[in-house]
Every structure is written in structure tokens, then in C-alpha cells.
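Here are my notes from going through the model you sent over.

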Amino acid sequence: MADASRTILGLGGCVDYELKLTTSVLEQLVAEYGIVAAELTSPATVTSERDLVVSILGYVARGGGGEHFVASAPALSTFADRFPHRETLGGTSVRAGIVMSRLGVPSTLHLVSVNDTFRRLLPADCEYINSGVGDTFHPHLIVQYDKGLRVRAGDIDIVAPFPNRLIYVNDPANAAMLLTGDLGDRLRKADIFLISGFNAMRDQAELDERLASLKEHMRQLPYGAVAYFEDAAYHEPAFSRRVRDALLDKIDVYGLNEDELQSYIGRPVDLLSAEDVAEALTAVHALIPVPTLVLHTKYWAAALGAGAYADALDTGTVMAATRYCHGDEFSEEDVERVRRLARRPESVAFAAALRSRMGASVDCVPGFALDVQNPTTVGLGDTFVGGFLAELALKGHR
């Protein structure tokens, strides 16, 4: 059995309430709250269930995904109770750890909160350390919607152009993001360290303190260990740059998705245009000058910079596609079946064109041609990260 101490995944986790939106409930809420089409922009703050519905409808109309702090915890549970929902484990590091466990790679999770639900759902070979004192329970609301979801009520008539997921959070433990005192000692034995979760913090002084503490702990990482940072939507957008600036010289691989890419360069990117993507990747790599920049999208995954990561990109892509098709309950046979599926023809052409344009500095793996009736859109990026890191661990990437 591999050693869980060799892979440390941080920095926080949670219990998720996962639900799928339905036309009837949304139309009822639009009518009840008197919501009109002109309001369907993102509210600056989500302070009530009405704000939550307005925010969700705005995303559905665009087919977008996002993550937000919600000032009212009761609004989250009230909304969740209107739909059938299930409890799952969330947080990039936790989902990545679950995927790695399925691939035979044990890990140690750094958590800021645990409870009986969390302990019950966590795989047996995932060890954990916890910076929190006592159990806490602050479930995150994970809202999925399918392509074609239509909402018609009052003057609103919208149809989702894509499937996607939204995350709404009120979680004091993850907002504080306390680190354990022995993190540095544990990092001394690590080959892989995943950093995620600072996006949930909301206090600048606390954030700066955690970043300084983390950098001190990371001094213990051995030479050749891979520090992987996964980006996310920040509840306080200005904190994104603060985190990057603090940790840039400690990060080996920096991962992000297409939403984050487009927010950095301030414009939409045609993800199947090699010219447009090459320009965007170059611009973001100049902004985030890490050794390797990894971008995972619905069409393909690419690594720009140093290192040979094609196999890791491929395993990440296979695992994300498997989750998209089968949700949490996939088998080894499902993974192998997905691995044998055809890749999207337009993604294959794109990968070749990007390589031709950017040369050996880029690896690009095309995504799969998937036609799924009820896809899972939650946790696909986290699952990609788990597959990517599992491949590094299995190859002994040091």
C-alpha cells in the first residue's frame, strides 16, 4: 500500500448539498418573489432567498458557472429544501482525494472542519488532520442545471445554453482557513502538495496571516516535490491577486478553468480557436509566471511551460469525463470504457493546431465526445485535479 503521507491535499473541505434545478420550482419562485427580466444580473451580495434565485437565473441564462458567499445561511437551507438533494463531500482537495483513492493513491487531507457526515462519507484510505476545534457543520449549496432548462414566468423566458454548476457558501470555518501547527512537519515527507481553498476567505488581515504561515510551512517541502495550486472563484475578488502574489514563487503547477481564464484577461475566449487560446494562454502565463500553467476546459486540457505532463493531463481528462457520465458511483470498468471512447473531432483538431502554433512548450489533450442524458456538472475540475495528481504520484514524479 502506498503511503498517505506522501500526498498532502489542502486546505479545507465541507459537506455539500447537491441538487438539480427544475423548471416548476424556479417558475413558482419567480412568481412568488415578483422577479423580472431586468434584474437578471448578478446581485452584488446575496442576502436572501430572493437574491439567490435572481443570481441563479442570471447564470442559467448565460450557461455560466460560479461561486458566491451568501450572507444568509438560512436562505441556503430554505432553497435546498425545495428540491430533492443529497449530501456529498466537497472542496477541491477532498474531491481530488476521493478520486485519487479510487485510483489506488492514498492521501492525507488538511481540513478546517469535520462532522459525523464528513467522517461517514470519507474513503477509509483518506487520512486527515483538522485545524478546527470541535465539530462544525456548514453545508455548501451546489446547484446543477442541464442544457435546455427553460424558465418562463412573468416577462422572463430563458433557456440554458449549456449545463453547469453554481456554488453558494456560508461557512465560517473555511472563511477562517486555520492551518494546523504540524503542517510543515508533514510537508517534509511529501512528494505532492495541493493548495486550494483561500477563495472562501473574506478578511484581508486573516488572509495575509494564513499566507505568511503557509509559506513558512512550505519551506519544509523536499526538493523535487510538486506544489500544485488550483484556482477558484474568490468570494472577495480582490483577494485573488493577493494570494497569487504571495505564493507565486512557491508554486510549480497552477491550475485553472475557462471561467477563471476569461476573468483574468477580461474577455470571452473561443476555446476551439488555436489562435485565440494561444494568445489567452500567453497573456495569463505572463500574468501568472509559474513553471507550468494548466488549463482544463470542457473541450480539452493543456499544460504550458516546463515539465512533461501529457499523461497527467490525460488521466485528469479521463476521470473528469467519467464523473460527467457516471457521477460518484463509477466503477473501474466505467473508467476503462470512457478511456476507449472517441475524442471530440473538433478538440483533436484544436490540440494539433495549438501544438503547431505554440510548439513544444505546450501539451494539449482533447476531451471526449460525450452525449449524456443526465450529466454530473459538479466537481469536474476537482476530479481533473485528482486524476492529474494521481498520475504524478503513480509515476513517482520527483
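1. First, what I'm calling a salt bridge: a side-chain nitrogen of Lys or Arg within 4 Å of a carboxyl oxygen of Asp or Glu. With that cut-off, R6 and D191 qualify, their closest N and O atoms being 2.9 Å apart. This pair ties together distant parts of the chain, 185 residues apart: R6 sits in the segment before strand 1 (7-9), and D191 in the loop between helix 7 (183-187) and strand 11 (192-195). R6 is partly exposed at 34% relative accessible area, whereas D191 is buried at 13%. Keep in mind that this is a predicted model.

2. Overall picture. The protein chain has 15 helices and 16 strands. Its radius of gyration is 20 Å, close to the 21 Å from the globule rule for 398 residues, so the chain is as compact as a globular protein of that length. Along the principal axes, the C-alpha atoms fill a box of roughly 60 × 50 × 40 Å. Of the 398 residues, 57% count as buried. Looking at contacts with a separation of 6 or more, 75% come from residues 24 or more positions apart.

3. More on the charges. A search of the whole structure turns up 31 salt bridges. One of them joins D182 and R186, again with the closest N and O atoms 2.9 Å apart. D182 is partly exposed, with a relative accessible area of 29%, and R186 is also partly exposed at 29%. There is a network too: D16, E18, R86, R95, R323, D328 and D382 are linked by salt bridges.

4. What separates R241 and D245 along their helix? They are four residues apart in helix 9 (residues 239-247), which puts about one helical turn between them. Residues three or four places apart in an α-helix point the same way, because there are 3.6 residues a turn. The side chains of R241 and D245 meet in a salt bridge, at 3.4 Å from N to O. R241 is exposed at 53% relative accessible area, while D245 counts as partly exposed at 48%.

5. In soluble globular proteins, nonpolar side chains tend to be buried together. Here the largest nonpolar core has 53 residues, and F193, F198, L214, L247 and L354 have the most contacts inside it. Helix 11 (residues 274-287) supplies the largest share of this core, six residues. Apart from it lies another core, of 33 residues, with L21, L57, I156 and A160 among them.

6. L354 is worth a click. Leaving out residues up to four places away in sequence, L354 touches A274, V277, A278, L281, A302, G359, V362 and C364.

7. Staying with strand 16 (residues 362-366): five of its five residues are buried, so to speak a mostly covered strand. Its antiparallel partner is strand 15 (residues 300-305), and the two pair over five bridges. In that pairing, L304 stands opposite V362.

8. Is helix 15 largely enclosed or open? Of its 15 residues, 11 are buried, so helix 15 is largely enclosed by the rest of the structure. The buried ones are D382, T383, F384, V385, G386, G387, F388, L389, A390, E391 and L392. D382 also belongs to the salt-bridge network of point 3. As for geometry, helix 15 (residues 380-394) reaches 21 Å from its first C-alpha to its last, close to the 21 Å expected at 1.5 Å a residue. Just after this helix, G396 takes a positive phi of about 60 degrees.

9. Last one: V143, in strand 7 (residues 140-145). V143 is buried, with a relative accessible area of 0%. Its contacts, not counting residues up to four places away in sequence, are L19, L21, I56, F79, N164, R165, L166 and Y168. L21 in that list is also one of the residues in the 33-residue core. The C-alpha atoms of V143 and H326 are separated by 17 Å, the two residues being 183 residues apart along the chain.

Definitions and conventions: Residues are numbered from 1 along each chain as its sequence is written. This is a predicted model: local features need pLDDT of at least 70, side-chain atom pairs count only at pLDDT 80 or more; totals for chains, interfaces and linings use all residues. Side-chain values use heavy atoms; hydrogens and water are left out. A nonpolar core is a set of buried Ala, Val, Leu, Ile, Met, Phe, Trp, Tyr and Cys residues joined through side-chain atoms within 4.5 Å. Buried means under 20% relative accessible area, exposed over 50%, partly exposed in between (1.4 Å probe, protein chains only). Contact means heavy atoms within 4.5 Å. The expected span of a helix is 1.5 Å times one less than its number of residues. Two strands pair if DSSP finds at least two bridges between them. The radius of gyration is taken over C-alpha atoms; the globule rule is 2.2 Å times the number of residues to the power 0.38.
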